[in-house]
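Visitor: Hi! Could you walk me through this one?

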Amino acid sequence: WEDGASSNTNTSFTFNAVPPVVQPPPPRLGEVLDFEEENATTFGHKAFRPGQREVVAAAMRGEDCFVLMPTGGGKSLCYQLPAWCCPGLAVVFSPLVSLIQDQVDSMNECGVRSATLSSGSSDYQSVAAALGALPAHGDYKLLYLTPEKLAHSGHARSLLHRLAVMGRLSRFVVDEAHCVSSWGHDFRPDYLGLRILRREFATIPIMALTATADSRVVDDVSRVLGLRQPFSWRSSFNRPKLDYQVRHKGNKKKQVLKEVADYVRQRQNETGLIYCLSRRDCEKVSEELQNALPGSFARKISFYHAEVDAAEREDRQRRWSRGELKVICATLAFGMGVNKPDVRYVIHYSMPKSLANYYQESGRCGRDGLGGQCVLYFSFKDRATQEVMIRDEKKNGPRDAKAVDQELHALRAMALYAAEKVKCRRRVVLDYFGETGFDPAKGCRDLCDNCRDKRPHEERDFTSHATNVVKLLRQITSTTPTRAGGAANNITRAGLVDAYRGSANRQMEKIRATNAPLFAAGSRLGKKDVEQLVDRLVLEDVLSERSVENSSGYNNDYVFQGSRARDFENATPNAKFTISVRLNGAGAEAEAARRRAQQQRGVDPRRRDEFDEGPAWLPQVARTPA
Ligand code: ADP
Ligand code: MG
Ligand code: ZN
């Protein structure tokens, strides 16, 4: 499984079957082996991991299967073992040639004869030779293909038909099956071509496997592949040994870079991964770290993104896998196929575009089961940047409105995770994945910043302020004349904050002049508080922030009504806006006093719609555990 160890490609012949190292007698056609025994003997495992036995048994009964297991959970065995134990050949679709080569090599080492049709080849003769070779070798148990191969090679397809006619196909396996779904974070159009499997080979059972548990993805995959009442296994996606924390980035980039450098400095013996959003950030973070750290260590820091030359990219990944590089600053291009077990920390310098992405990327930490830290840096600016990227038609081409909505929905879940100050981080992720019944007391054990934070907290009602802000936005945008004399004017997030507080600055004069009735209605509130309120309204889609090109061709981010704004304007029952806040030491005492006073006056202390003590509601920066 060492990265880059797969060099034994037979170049003169496209059929890359490697002679098995050990060659046990191949099972005779029609013979079914005992899988419990074979797991120990042929595969060398002492036991099954959770779910493997159940899935293998279902596969042996010939059922369709849907396997959801986190990365490293042992999905491969779920199809390799039945492939070995059943007569015939299992055809496995896997997205990457490098992954395939690893699998083929390791299976051949166990004596489970495996092959792939390499996807680069278009040489008719070698492909034809491969087609001829397979049926003659009854002992091949696994044939790996990329979906691209199936989509673009008529030969591959006719090979499958020939095998089917001969009754030699035991099963189709779709690994990394989330690639089928456009909801997924790794959608690949060629994966959609796999829908022909059920259509053209109706009787062959299908097994789909993925580590993406997003329930919409699961439904989508099942539908596209046409699974028939599949045996479904879902392992818990909790990674009990990983530590999760979120840090607020604010606007002080220098400060964050220093913090990251300090973090890395304390872990010079450990391997880490730093995810950045842009290529420029990868290079910048890498350079800053190199400057901040001693020369001998600086050489072990590098970056990785799509613009780095392919050979160089591969080299950096290999050196990192071997431990020669300790830190890689990478875009999400760095990921699939990376199988380094002892990654000790994954830092997100910027927030990814979905919680599924975050789970996947942070999950590259601690695959050896020895734990690790996942640190997410969050700023509202990053969220806005992500939204701009999702909506960007220049880059993406004209966008399907439904696809944009889906991605915005996923982004919202990600941002809410980051902004959460009270709920267990694991709980938020597992809820999103539809995994119910998770108990933070047992499953987290204070391995997240929110669970560690023992200060009291409470849910506060900000409905009236939220309603005010929404109405104020309407008043301003419908009354302020633009310079060009238009009816509506745009306002930035900062502008809306100032307007609600009635700040006295020059920009505000124009807005004050509109005589919007709710101008300055929040004058009693602190600036930070109103900023937080507006940010939160954007996060929860009461307001929305979008980039608009102005007359001079510059882009500005302005706030608009979000999809929930109407509820607040019309005071429907859905117009509820509560936020869980932490109470600081001093704040907690003041809070207790306030409650006592209110109780004496007969007021329900939980019905509180104003926040007058700033500190209690300021963002709480997560602390690193000692
Ligand atoms: P996944 O595809 O779910 O990410 P893999 O199938 O690649 O995970 O398995 C991860 C690692 O766990 C591999 O090194 C594999 O050999 C090992 N493994 C899988 N099942 C078992 C088992 N029952 N006992 C011991 N090791 C196992
Ligand atoms: Mg796998
Ligand atoms: Zn927790």
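Guide: Helices (H or I, at least four residues) and strands (E, at least two) are DSSP runs, numbered from the N terminus. This is a predicted model, where local features need pLDDT of at least 70, side-chain atom pairs count at pLDDT 80 or more, and totals for chains, interfaces and linings use all residues. Residues are numbered from 1 along each chain as its sequence is written, with chains lettered from A and ligands numbered from 1 in written order.

Visitor: Which strands make up the open sheet, and in what order?

Guide: Six of them, in the order β8-β13-β12-β9-β11-β10, with parallel pairing (at least two DSSP bridges between two strands). β8 (242-248) and β10 (301-304) sit at the edges, each pairing on one side only.

Visitor: How do β12 and β13 pair?

Guide: Residues 343-348 of β12 and 372-378 of β13 run parallel, joined over four bridges. There, Val-346 has Cys-374 in β13 as its bridge partner.

Visitor: New topic: is β2 mostly covered or uncovered?

Guide: Mostly covered: five of the five residues in β2 (residues 89-93) are buried, meaning 20 or more other C-beta atoms, placed from the backbone, within 10 Å of their own. One side has Leu-89, Val-91 and Phe-93, the other Ala-90 and Val-92, all buried.

Visitor: Why two sides?

Guide: Because side chains in a regular strand alternate between the two faces of the sheet.

Visitor: And which strand does β2 join through five bridges?

Guide: That's β5 (residues 169-174), running parallel to β2, where Val-91 has Phe-172 as its bridge partner. β2 also pairs in the parallel sense with β4 (residues 142-145), over four bridges; Val-92 is partnered there by Tyr-144.

Visitor: Which helix gives the most to the shell around ligand 1?

Guide: Helix α3 (residues 75-85), with three residues.

Terms used:
A residue is buried if 20 or more other C-beta atoms lie within 10 Å of its own, exposed if 12 or fewer, and partly exposed in between; C-beta atoms are placed from the backbone.
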